Amino acid sequence: MPLEMLPIDHQNADAIAEAARVLRVSYGAEAQLFSLTPETGASHPAFTTDRALASMLQSPKLSASGLFLDGTMIGLFLLRYRPERQMEVVRLCVMPWHRGKGRGASMLEHIEDRARAAGCGVIIANVPLENAELMAWWERRGYPMRRTIKFGNMPYTMGFVEKVL
């Protein structure tokens, strides 16, 4: 069965649970890299609960889609439509054992197509600056870092990347 990109139904508890699991597993290594725990990094995607994700997806400006292989979700992205014709990639992840096969790049291409179709001229995302491998992944795809912010409650600096379409 080929790869499929399908929207996540924000009212389907099973779909929400699977999407939250993909977030937790996919972002788990990053949480370990920064020694985060649910107590020290509760807002980090590695600690996303089903309830928190369901709540996030209630926003009409936020949408989620999963990447499925043989009916199993192996990747996920969450998008937020912002003012001034911008689309924000809130989350983009691929399960660890499916990385290095172009699946994240395929999702990003899909996101770029959606942004163009929606009339968005810019895509933005935030990436922990200290995660050099991930920052390089975004830069190779035409998303240079535009600015950084250090949040006092997190042990890393957030780099903001963007691409003008």
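This tour moves through a predicted model, selecting one group of residues at a time.

**Stop 1: the largest nonpolar core**

Begin with Ile8, Leu53, Leu57, Met73, Leu76 and Leu78, which touch the most other members of the largest nonpolar core, a set of 27 residues. Next, colour helix H1, strand S2, strand S3 (72–82), strand S4 (86–94) and strand S7 (157–164), each of which supplies at least two residues of this core. The largest share, eight residues, comes from H1. As a general matter, nonpolar side chains tend to be buried together in soluble globular proteins.

Now centre the view on Leu78. Leaving aside residues up to four places away in sequence, Leu78 touches Leu53, Met56, Leu57, Leu62, Ser63, Ala64, Glu88, Val89, Val90 and Arg91. A further core of 21 residues lies apart from the largest one, with Leu92, Val94, Leu108 and Ile111 among its members.

**Stop 2: Ser63**

From the neighbours of Leu78, select Ser63, which lies in strand S2 (residues 62–69). Ser63 counts as buried because its relative accessible area is 17%, and the cut-off for that class is under 20%. Which side chain does the side chain of Ser63 meet in a polar contact? The partner is the side chain of Arg114, at 3.0 Å. With residues up to four places away in sequence excluded, the contacts of Ser63 are Phe77, Leu78, Leu79, Tyr81 and Arg114.

**Stop 3: helix H3**

Select residues 103–117 to display helix H3. The end C-alpha atoms of H3 are 21 Å apart, in agreement with the 21 Å that its 15 residues should span at 1.5 Å a residue. Hide everything in the helix except Arg103, Gly104, Ala105, Met107, Leu108, Ile111, Glu112 and Ala115, and its buried residues remain. Two of these, Leu108 and Ile111, also belong to the core of 21 residues.

Just beyond the helix, select Gly119, which takes a positive phi of about 80 degrees.

**Stop 4: the remaining salt bridges**

How many salt bridges does a search of the whole structure find? The search finds six. For one that links distant parts of the chain, select Arg24 in helix H1 (residues 13–33) and Asp50 in helix H2 (residues 50–56), which are 26 residues apart. Their side chains meet at 3.5 Å, N to O. Arg24 is partly exposed at 30% relative accessibility, and Asp50 is partly exposed at 32%.

Then select Arg80, Arg82 and Glu88, which are linked in a network of salt bridges. Within this group, the closest N and O atoms of Arg82 and Glu88 are 3.1 Å apart. Is each of these two partners buried or partly exposed? Arg82 is partly exposed, with a relative accessible area of 35%, whereas Glu88 is buried at 10%. Glu88 was also met at the first stop, as a contact of Leu78.

**Stop 5: cysteines**

Finish with Cys93 and Cys120. Cys93 is buried at 5% relative accessibility, and Cys120 is buried at 9%. The count of disulfides in the model is zero.

Note on methods
Residues are numbered from 1 along each chain as its sequence is written. This is a predicted model: local features need pLDDT of at least 70, side-chain atom pairs count only at pLDDT 80 or more; totals for chains, interfaces and linings use all residues. Side-chain values use heavy atoms; hydrogens and water are left out. A salt bridge is a side-chain nitrogen of Lys or Arg within 4 Å of a carboxyl oxygen of Asp or Glu. Helices (H or I, at least four residues) and strands (E, at least two) are DSSP runs, numbered from the N terminus. Buried means under 20% relative accessible area, exposed over 50%, partly exposed in between (1.4 Å probe, protein chains only). A disulfide is a pair of cysteine sulfur atoms within 2.5 Å. A polar contact is a pair of N or O atoms within 3.5 Å; within protein, one must be able to donate a hydrogen and the other to accept it, and residues adjacent in sequence count only if both atoms are side-chain atoms. Contact means heavy atoms within 4.5 Å. The expected span of a helix is 1.5 Å times one less than its number of residues. A nonpolar core is a set of buried Ala, Val, Leu, Ile, Met, Phe, Trp, Tyr and Cys residues joined through side-chain atoms within 4.5 Å.
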